[in-house]
Structures are given as structure tokens and as C-alpha cells.
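Student: Please show me the structure, and let us read its features one at a time.

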Amino acid sequence: MSKIAEMLSVSRNNIADYCLYIEEAGLITQLRDNTGGIRGLGKVDKIYLDNTNLIYNLASDSSNIGNIRETFFLNQTRVKHNVISSADSDFLIENITFEIGGKNKSQKQIKNIENSYVVKDDIETGFLNVIPLWQFGLLY
């Protein structure tokens with residue numbers, strides 16, 4: 001937020017307000033951690049465009065496949081679940097840890113975390129704690 005405020009020469013507080021308005025308009029999603037109360041107010045870990053169509057429209061030539069995967073996962077899961085950021089991986093949903101990646105994504109990042117899953121793109125079926133990314137498109 002501070003870097004954005006500096007680039008635009010506006011107050012950091014204004015940036016937080018603008019991001020909230022843009023989120024309410026359905027263009028972005030702000031991912032927060034599980035800090036509650038006063039400490040959690042205004043604390044945003046990551047900002048994602050609301051869906052992958054916006055990424056392809058705004059940055060078609062320079063889009064990042066990792067960001068596209070994470071955006072898709074967040075977009076599909078946040079409808080019915082409270083998704084928060086995780087210090088150890090990409091996302092945390094109801095004490096279940098999710099690490100998002102391509103078909104070659106390893107278990108290394110989550111190997112010591114109970115109740116954790118690797119969500120892989122470019123695979124058809126899962127096994128044990130590996131889930132294909134496309135299956136999250138069937139949640140609702």
C-alpha cells in the first residue's frame with residue numbers, strides 16, 4: 001500500500017479506501033491474514049484481480065501463470081469459504097493449507113504441515129494430498 005501511495009503521490013490511507021471501493025465494485029479481491037481486531041484492520045497481504053478474465057484482458061502478454069492459478073483458486077473458493085493468507089503456503093481455508101502450482105509443484109513447502117494439500121494445474125487426476133486445480137471450478 002505504501003509503495004502504491006508513493007507512486008501515485010497520495011496518502012496511504014486513501015489507497016486503502018480506494019482498494020476497498022474497487023473490491024466492493026468487484027474488480028479486485030484483498031487477501032488478509034487471520035489477525036483480528038484493531039491489529040487486523042487495513043492489513044492486506046495480497047491483492048488479486050477478481051477473476052482470470054480481468055488478468056487476460058489487462059495484461060494478456062505479460063500475465064503470470066502462477067498468479068492466474070492463484071486467482072482462479074481464490075475466485076472459486078471464496079464464494080462459500082473464508083479464505084485467508086498463510087505464512088507457510090498460498091492459502092488457508094478452515095485450518096486446511098493449500099499450495100498452488102503447476103504439474104511439477106513439489107510437496108516441499110507443505111511437507112511438515114498437517115492437513116495440507118498441493119493444488120496442481122495441468123493434471124487430470126489427483127492422488128493422496130494432490131488435487132487438480134480444475135476441480136475447484138466445480139464448487140458451485
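Predicted model: local features only at pLDDT ≥ 70, side-chain atom pairs only at ≥ 80, totals over all residues.

Student: Where does S89 lie, and is S89 buried or exposed?

Tutor: S89 is in the loop between β3 and β4 (91-93); helices (H or I, at least four residues) and strands (E, at least two) are DSSP runs, numbered from the N terminus. Accessibility is read as buried under 20% relative accessible area, exposed over 50%, and partly exposed in between (1.4 Å probe, protein chains only). With a relative accessible area of 9%, S89 is therefore buried. Apart from neighbours within four places in sequence, S89 has T97, F98, E99, Q109 and I110 in contact (heavy atoms within 4.5 Å).

Student: Which strands form the open sheet, and in what order?

Tutor: Two strands pair if DSSP finds at least two bridges between them. Here five strands form an open sheet in the order β3-β4-β5-β6-β7, and the pairing is mixed. The edges are held by β3 (83-85) and β7; each has a single partner strand, so one side of each is left without a neighbour in the sheet. On average, neighbouring strands of this sheet are turned by 35° against each other, direction ignored; axes are lines fitted to C-alpha atoms, for helices over the stretch in contact, and angles run from 0 to 180 degrees between N-to-C directions.

Student: How many bridges join β5 to β6, and how many join β6 to β7?

Tutor: Strand β5 (residues 96-101) and β6 run parallel and are joined by five bridges. The pairing of β6 with strand β7 (residues 130-132) is also parallel, over three bridges. Four of the five residues of β6 (residues 116-120) are buried, so the strand is largely enclosed by the rest of the structure.

Student: How should I read a helix such as α5?

Tutor: The expected span of a helix is 1.5 Å times one less than its number of residues. Helix α5 (residues 65-77) has 13 residues and reaches 18 Å from first to last C-alpha, close to the expected 18 Å. Its N-terminal end is capped by N64, a side-chain oxygen of which lies 2.7 Å from the backbone nitrogen of G66. Buried residues of α5 include I68, F73 and L74.

Student: Which residues of the largest nonpolar core touch the most other members?

Tutor: Nonpolar side chains tend to be buried together in soluble globular proteins. A nonpolar core is a set of buried Ala, Val, Leu, Ile, Met, Phe, Trp, Tyr and Cys residues joined through side-chain atoms within 4.5 Å. The largest one here has 13 residues, of which F73, F91, F98 and V119 touch the most other members. Two or more residues come from each of α5, β4 and β5. Beyond its neighbours within four places in sequence, F73 is in contact with F91, I93, F98, I100, V119, L133 and F136.

Student: Which residues other than glycine have a positive phi?

Tutor: Most residues other than glycine have a negative phi. Among those with a positive value here are N95, at about 65°, and D122, near 65°. N95 lies in the loop between β4 and β5 and counts as exposed at 62% relative accessibility. D122 is in the loop between β6 and β7 and is exposed at 54%.

Terms used. Residues numbered from 1 in each chain as written. Heavy atoms only, no water. Polar contact = N/O pair within 3.5 Å; in protein donor to acceptor, adjacent residues only side chain to side chain.
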